[in-house]
Amino acid sequence: MSTLHLSRRVEGLIAGQATSDGAGVKLTRVLTQDLQRRLDPFLMLDAFGSDDPNDYIAGFPDHPHRGFETVTYMIAGRMLHRDSAGHEGLLESGGVQWMTAGRGVIHSEIPQQTDGVMEGFQLWLNLPGRDKMNAPWYRDFKAADLPRFVTTQGVTVIVIAGESQGVSGAVTRTASAPLYLDLHLPAGSSIEQTLALQHNAFVYVYRGEVRIAGQSVPTQRMAVLANGGPSDSVLIEASKDAKVLLLAGQPLKEPIAQYGPFVMNTQQEIHQAIQDFRDGTLGERVISP
Ligand code: CO
């Protein structure tokens, strides 16, 4: 273990809330609305995973977004995305879809399977006020397109956003400066990741169990990492095989006004989003398959 860095400690463990969204997709909302200020610039993290098609088959038919970005990471399964900006993409196991809603998209996310496991995550990343009304942006990354490397200890690091040990991620953002890593740790391994002092950070364990700065974090728990002090990294150790998401970002420190799928700075902007959606000027509806 390096003595050059001091790991952040775990401030709290979060179990999340069981809920459903879209047309009845069962999921766990890991990062809930009450944590938006604490984990700014992140607004939401949903974890979905089931081998029962009744839990996912209806998917997410046409619905709008404005004012932030959605990042969907499929661990297993196939989902088809279509949106009002003309983007279409098939999201498959290990792939990432990054969508900047900006001033508005209407999209659908529909499973392309009738059985088997569907598992993954959807993250909502806020945009600064000056970018909320930008044009929509969209990219699909197949599993093979995501930057990845293996450490000397055998830890696989998939760099979805940000940078790890000199490897740049698939997506970079200036204002929120997100770090989004998927870490696969074999039993007995550890990894230390540098974190900017002022960034908010958390870890979600989706397989196995890890220790962070000595504290145990069990499976399906989010560990909020403490800010402040001289801690400029996080040390994650696995006594058995584990897989975790590590996220960090630059807080935007702006007011957050949310109404469902619209996240703006003021209530006035929320009313405008609702009006634009009703008027059909937020985006054209797409026909769900
Ligand atoms: Co959506």
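This is a predicted model: local features need pLDDT of at least 70, side-chain atom pairs count only at pLDDT 80 or more; totals for chains, interfaces and linings use all residues.
Student: Is Thr 72 buried or exposed?
Tutor: Thr 72 sits in strand β6, which covers residues 68-76. Its relative accessible area is 1%, and the cut-off for buried is under 20%. So Thr 72 is buried.

Student: Which residue has a side chain joined to that of Thr 72 by a polar contact?
Tutor: Leaving out residues up to four places away in sequence, Thr 72 touches Leu 91, Gly 95, Val 96, Gln 97, Glu 109, Phe 121 and Gln 122. One of these also makes a side-chain polar contact with Thr 72, at 2.9 Å. That partner is Gln 122.

Student: Which strand gives the largest share of the lining of the largest pocket?
Tutor: That pocket holds about 370 Å³ of space. It has 26 lining residues, and Gln 122 is among those closest to its centre, along with Asp 21, Arg 29, Met 44 and Trp 124. Strands β2, β3, β4, β5 and β11 each supply at least two lining residues. The largest share, six residues, comes from β5.

Student: And how many charged residues line the second largest pocket?
Tutor: This one has about 300 Å³ of space. Its lining has 19 residues, with Thr 28, Ala 47, Gly 49, Tyr 204 and Gln 220 closest to the centre. β4 gives the largest share, four residues. By type, the lining splits into eight nonpolar, six polar and, for charged, five.

Conventions:
Residues are numbered from 1 along each chain as its sequence is written. Side-chain values use heavy atoms; hydrogens and water are left out. Buried means under 20% relative accessible area, exposed over 50%, partly exposed in between (1.4 Å probe, protein chains only). A polar contact is a pair of N or O atoms within 3.5 Å; within protein, one must be able to donate a hydrogen and the other to accept it, and residues adjacent in sequence count only if both atoms are side-chain atoms. Contact means heavy atoms within 4.5 Å. On a 1 Å grid over the protein atoms alone, a cavity is a set of points where a 1.4 Å probe fits but cannot get out, and a pocket is an open set with protein on both sides within 12 Å along at least five of seven lines; lining residues have an atom within 4 Å of a point. Grid points are joined across faces, edges and corners, and a volume is the space filled by probe spheres set on the points. Ala, Val, Leu, Ile, Met, Phe, Trp, Tyr, Cys and Pro count as nonpolar, Asp, Glu, Lys and Arg as charged, and the others, Gly among them, as polar.
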